[in-house]
Amino acid sequence: MTVNVLVVARFQEAWVERLQGLSADVHVTLHPIRGRGDRVPDSLWQETEVAYTYSNHLPTPEQASRLRWAQLYSAGAEQLLEKPLFKQDVMFTTMSGIHATPIGEYVLTTMLAWFHRLPLLLDWQRQQVWQRNSELNTEFMPQEVRGKTIGIVGYGSIGREVARLAKAFGMRVVAMQRGNDHRDTGFVFPDTGDPAGRLPERYYQPEQLHEMLQECDVVIIGVPLTKQTYHLFDAAAFQAMKSSAFLVNIARGDVCDEDALIQALANKQIAGAALDVFHKEPLPSTSPLWKLPNVMISPHITGLSEHYDERAAQVFTANLGRYLQGEPLYNLVDKERGY
């Protein structure tokens, strides 16, 4: 029986052979969306069993009555929750795992920049200031990350890659993850992450978050945005952190109570932060975060990579192979949990 596959997301024609090579029963139709005004004809949706698409280009249940599985081009799933199709008997899978390398490198970049005082050095360079070693205040003394404790809140594909890199720098790794099965069951790219979940010295349950925060020199936020994680980092969480701690948020802005975060940074409850995500994006020019000297801001770009499309095609191809064999799919969205 023919399996009609509709590709709406970016996908090179040369890669179609990979999909069709999985089975003679696979029929692939490319209909890439190139702009806001583009749409997929209802006639195509009606014939589709498998779709490779964007979360904002999903059909209604009536348009795609034969659809059984939608592979998303993105890693996040929170935007699906209110979609009518999400409430139907359709499987959804994400691109979880695809951001491990670029975001893992961003985390290490900002962490090393912070502890080796790169923002200060760049400021001195702009001012043509030459500071002799003897004149350095201990506040500006570079710090080694070796021996520091990094706490990873949400031990998914990104967190696992951060753990692998941090371990190579001699850091102590702890992690917060729900449940007791610490294996990575999602798609794992070769030589990345911690598939067996062996790197953390200790795991904490979500209700133990504040206990974990008390011992961390670096805190990485990597949880999906759900009802349970909304404002997970509130005033009490920042109060639990060390005053010398450095925070990195590469998850979603609303995992933090942004007002509480601003207060914690302004009052030096925590030492500093690297932020790629915010409550409102673009970050308004009126936000105090822009002017805080202990904040590094990036405009939600840490997941970008020139290799994204190729890696996404690898995930989809691997998942289509599993679909055809009747095997469990990688990165299947749990509709109860919302991720």
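**Close-ups of a predicted model**

**View 1. Leu247 and its contacts in the predicted model.** Setting aside neighbours within four places in sequence, Leu247 is in contact with Val219, Ile221, Phe233, Phe238, Met241, Leu261, Ile270, Gly272, Ala273 and Ala274 (contact here means heavy atoms within 4.5 Å). Leu247 sits in strand β10, residues 246-249; strands are DSSP runs of E with at least two residues, helices are runs of H or I with at least four, and numbering goes from the N terminus. Leu247 is buried, at a relative accessible area of 0% (buried is under 20%, exposed over 50%, partly exposed in between, with a 1.4 Å probe and protein chains only). Val218 is 29 residues from Leu247 in sequence, yet 5.9 Å away in space, C-alpha to C-alpha.

A word on the ground rules: residues are numbered from 1 along each chain as its sequence is written, and side-chain values use heavy atoms, leaving out hydrogens and water. As this is a predicted model, local features need pLDDT of at least 70 and side-chain atom pairs count only at pLDDT 80 or more, while totals for chains, interfaces and linings use all residues.

**View 2. Helix α5, mostly covered.** Helix α5 takes in residues 157-168 and reaches 17 Å from first C-alpha to last, close to the expected 16 Å (1.5 Å times one less than the number of residues). Nine of the twelve residues of α5 are buried, among them Ser157, Arg160, Glu161 and Leu165. The cover over those buried residues includes α3 (100-115), β6 (149-153), β7 (172-176) and β9 (218-221). After α5 comes Gly170, with a positive phi near 85°.

**View 3. The largest cavity.** This one holds about 50 Å³ of space. On a 1 Å grid over the protein atoms alone, a cavity is a set of points where a 1.4 Å probe fits but cannot get out, a pocket is an open set with protein on both sides within 12 Å along at least five of seven lines, and lining residues have an atom within 4 Å of a point. Points join across faces, edges and corners, and the volume is the space filled by probe spheres set on them. Ser157 and Arg160 are in the cavity lining, which also includes Gly97, Ala100, Asp184 and Phe187.

**View 4. The second largest pocket.** About 660 Å³ of space lies here. Of the 22 lining residues, Trp114, Arg117, Glu139, Pro293 and Asn294 lie nearest the centre. Helix α4 gives the largest share of the lining, six residues, and α3, α4 (118-127) and β12 (295-297) each supply at least two.
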